[in-house]
Amino acid sequence: MERVKTGIPGFDHLVKGGFPKGSTVLLSGTPGTGKSIFALAFIFNGAIKNEPGLYVTFEQPPEELKIQASLFKWDLGALEKKGLVKFLYVPADATDMNIYAKIEDAAKEISAKRLVIDSLGVFYINTEIYSIPLDIKVQEVELERRVKQHMDRGEFISGGKEGHRERFIYVFIRKLKDLRTTALVIADAEEGSESLTKDGVSEFASDGVITMHYTGVAGEEGSYLEVRKLRYTGHERGFVPFEIQEGKGMIVNESESTSILLK
Ligand SMILES: Nc1ncnc2c1ncn2[C@@H]1O[C@H](COP(=O)(O)OP(=O)(O)OP(=O)(O)O)[C@@H](O)[C@H]1O
Ligand SMILES: [Mg+2]
């Protein structure tokens, strides 16, 4: 199986060398846990190996992301000029938008091999003004059994707006596969919540889920990540510590990556 390396020191061996090519991986965490930095590293490390990357941002404008990246010596501006990186900025006040078509056009423009969606959080608020050019009824058939069970129990998808939102997010994530990129989709987790994401469906729609935490483990406060799920490959389990260092970026602590058991 072809692997797509994040290039983040210490990370790739947790997933047997990289993400399976073409997979959609959800990166879920509470605010400030390092999701965007992980995603910027993924795009930068691909671009310097001639794998063009598209970064779709609904939150921070591209200029801010480039400044953040420059603190780690990742010159995304230079790669952008070479057509190896592209930012697509969708401000929160954008209205009536065929969001999928916009992403598809931008990905085609640079022949993107890597894709980042930062983040799904805005979909939670804005789904009503976005659209996807496909027959959602056809896609519904694909809904996984587990999601369907929730629906059948009436937990969401009641035909009202709530249900429409979850369905939209689910279909959107599945539809990203058609772009034939390896995708990282950032989701916001709620502090103290059992659910991996706020929307409750994106974790089922994705091939993989990585959670990021700032927490106390074994009495030590720090940053940790965990590979919760990754289809088509084996992977390490448990919380693995990482650091974000000025001038260097994100570094996953390999020596401790045999995983700390929690719970
Ligand atoms: N130059 C730096 N040196 C060390 N740590 C940094 C540096 N820049 C940012 N950080 C750390 O990274 C965190 C922000 O990372 P990032 O923006 O990737 O988080 P996020 O999960 O995307 O947050 P949000 O949910 O708000 O978008 C900061 O809270 C800080 O802990
Ligand atoms: Mg962020």
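This is a short tour of a predicted model, one selection at a time.

**Stop 1: ligand 1**

Select ligand 1 and the residues around it. The shell holds 13 residues. Pro 31, Gly 32, Lys 35, Ser 36 and Ile 37 are the closest. Two elements give two or more residues each: helix H1 (35–47) and strand E12 (240–245). H1 gives the most, with three. Now colour the shell by class. Six of its residues are polar, four are nonpolar and three are charged.

**Stop 2: the core**

Move to the largest nonpolar core, which has 67 residues. Select Leu 27 and Val 185, the two that touch the most other members. Stay on Val 185 and show its contacts. Beyond the residues up to four places away in sequence, Val 185 touches Thr 24, Leu 26, Leu 27, Ile 117, Leu 120, Ile 173, Ser 202 and Ser 206.

**Stop 3**

Select helix H4, residues 99–109. Which of its residues are buried? Pick out Ile 99, Ile 103 and Ala 107. They lie on the same side of H4, because they cover an arc of only 65 degrees around the axis. Turn to the other side. Ala 101, Asp 105 and Lys 108 are exposed there.

**Stop 4: just past H4**

Step on to Ser 111, which follows H4. Ser 111 sits in the loop between H4 and E7. Check its backbone: phi is positive, about 50 degrees, although Ser 111 is not a glycine. Ser 111 counts as partly exposed, because it has 13 C-beta neighbours inside 10 Å.

**Stop 5: a cis peptide bond**

Go to the loop between strand E7 (114–118) and helix H5 (121–126), where Ser 119 is found. Select Asp 118 together with Ser 119. The peptide bond from Asp 118 to Ser 119 is cis, with omega near 0 degrees.

**Stop 6: Asn 50**

Jump to the loop between H1 and strand E4 (53–57) and select Asn 50. Asn 50 is not a glycine, yet its phi is positive, at about 65 degrees. Is Asn 50 buried or exposed? It is exposed, because 9 other C-beta atoms lie within 10 Å and the limit for exposed is 12 or fewer.

**Stop 7: Gly 18**

Finish in the loop between strand E1 (3–4) and strand E2 (19–20), the place of Gly 18. Draw a C-alpha to C-alpha distance from Gly 18 to Val 4. The two are 14 residues apart in sequence and 4.8 Å apart in space. Leaving aside neighbours within four places in sequence, the contacts of Gly 18 are Arg 3, Val 4, Lys 5, Thr 6 and Asp 12. Gly 18 is partly exposed, with 19 other C-beta atoms within 10 Å.

How values were computed:
Residues numbered from 1 in each chain as written. Chains lettered and ligands numbered in written order. Predicted model: local features only at pLDDT ≥ 70, side-chain atom pairs only at ≥ 80, totals over all residues. Near = placed C-beta within 6 Å. Helix = DSSP H or I, 4+ residues; strand = E, 2+ residues; numbered from the N terminus. Nonpolar A, V, L, I, M, F, W, Y, C, P; charged D, E, K, R; others polar. Buried ≥ 20, exposed ≤ 12 C-beta atoms within 10 Å, placed from the backbone. Contact = placed C-beta atoms within 7 Å. Arc of directions from axis to C-beta. Core = buried A, V, L, I, M, F, W, Y, C linked by C-beta atoms within 7 Å.
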